[in-house]
Amino acid sequence: MTDDLNPQAREMADESMIRNLAAQAEAIWPQEQPLFQRYSLPANASVLDAGCGTGEITERLARMFPRASLLGVDIIEDHLARARDRCAPLGSRLRFENRSIFELGLPDSSFDLVVCRHVLQAVPHAERVIAELVRVTRRGGWIHLIPEDYLMIHFETARLDPDDFWIQGPRRFGEATGTDLRIGRRAFRILRGLGLSQITVDYVVIDPLRVPRQTFASIWTAWRDGYADAISTHTSISRQQFLEHFDQMIATINDPDGYGVWHVPVVAGRIP
């Protein structure tokens with residue numbers, strides 16, 4: 001059920017989100033992986049994946065850091081079950097638990113690395129969540145965020161102008177759900193306010209030159225399937241208008257001559 005802290009509960013639990021998480025991981029990880037290497041984590045690092053979903057990235061992190069222990073937390077039991085099945089071959093150094101990122105219920109200074117990807121734009125009070133993530137990170141440890149920003153998406157115009165959707169849709173949907181779908185541009189200020197040091201802002205570029213068109217299109221198809229009802233309920237954009245915009249963008253992605261791009265912010269900082 002939707003509640004004040006999880007206004008996108010229905011969309012997060014939909015089967016389209018499972019497809020989306022898989023496609024996003026396939027698209028983003030090749031560019032994101034090198035960013036983890038600069039944190040110089042200890043070999044036996046303790047890692048938290050906050051809002052781990054189906055464990056797509058938890059598994060990749062476990063393979064990248066073969067002696068690390070990892071805890072993935074989420075509030076959707078089906079996602080946690082899938083994560084446990086996915087990561088079972090990696091053994092007991094991976095655990096998955098049902099915990100809220102607003103109140104983790106974990107001791108202070110527990111982790112060398114805390115990762116939170118594709119979550120902050122979907123919940124209210126992102127600053128509160130980030131503060132909780134900082135609380136459980138050790139001194140000298142790192143926070144690694146993907147705070148999405150839906151005005152960092154650009155597509156060429158065809159019959160419809162995609163800017164008409166992206167300028168209006170995310171703002172209105174955020175206002176209706178109490179979320180900030182432009183949190184990506186605010187994350188730097190939030191980390192600064194919490195006293196983090198060595199803050200970095202990088203961008204993963206999702207476009208047909210860097211990501212297979214099929215993978216790129218799979219993200220947009222999953223968004224289309226999972227959010228048509230929510231957008232039409234909470235904004236002035238009708239379901240038909242939403243579908244027409246997304247079908248056109250998907251056609252652009254699949255067109256060998258077509259171009260669109262999503263700049264995905266990756267924001268990190270160190271606990272002094």
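Contact here means heavy atoms within 4.5 Å, and by that criterion Met17, Ile18 and Leu21 in helix H2 meet Asp78, His79 and Arg82 in helix H4. The model is predicted, so that local features need pLDDT of at least 70 and side-chain atom pairs count only at pLDDT 80 or more, while totals for chains, interfaces and linings use all residues. Residues are numbered from 1 along each chain as its sequence is written, and side-chain values use heavy atoms, with hydrogens and water left out.

**Helix H2 against helix H4**

- Helix H2 (residues 15–37) packs with helix H4 (residues 77–87) at an angle of about 45°, their axes lying 11 Å apart; helices are DSSP runs of H or I with at least four residues, strands are runs of E with at least two, and both are numbered from the N terminus.
- The axes are lines fitted to C-alpha atoms, for helices over the stretch in contact, and the angles run from 0 to 180 degrees between N-to-C directions.
- H2 and H4 are therefore oblique to each other, given that angles under 35 degrees count as roughly parallel, over 145 as roughly antiparallel, 65 to 115 as roughly perpendicular and the rest as oblique.
- In the contact of H2 with H4 there are three nonpolar, one polar and two charged residues, where Ala, Val, Leu, Ile, Met, Phe, Trp, Tyr, Cys and Pro count as nonpolar, Asp, Glu, Lys and Arg as charged, and the others, Gly among them, as polar.

**Helix H2 against helix H3**

- H2 also packs with helix H3 (residues 56–64), here at an angle of about 35° and with the axes 10 Å apart.
- From H2, Leu21, Ala22, Ala25, Glu26, Trp29, Gln33, Phe36 and Gln37 meet Glu56, Ile57, Arg60, Leu61 and Met64 in H3, and the residues of this contact divide into eight nonpolar, two polar and three charged.

**Two buried loop residues**

- Threonine 235, in the loop between helix H8 (213–234) and helix H9 (239–254), counts as buried at 12% relative accessibility (buried is under 20% relative accessible area, exposed over 50%, partly exposed in between, with a 1.4 Å probe and protein chains only).
- The side chain of threonine 235 reaches the backbone oxygen of isoleucine 231 at 2.8 Å and the backbone nitrogen of isoleucine 237 at 3.1 Å.
- Leaving aside neighbours within four places in sequence, threonine 235 is in contact with Gly169, Arg172 and Phe173.
- Serine 110, in the loop between strand E3 (94–98) and strand E4 (111–117), counts as buried at 15% relative accessibility.
- With neighbours within four places in sequence left aside, serine 110 is in contact with Ser46, Val136, Thr137 and Arg138.

Terms used. A polar contact is a pair of N or O atoms within 3.5 Å; within protein, one must be able to donate a hydrogen and the other to accept it, and residues adjacent in sequence count only if both atoms are side-chain atoms.
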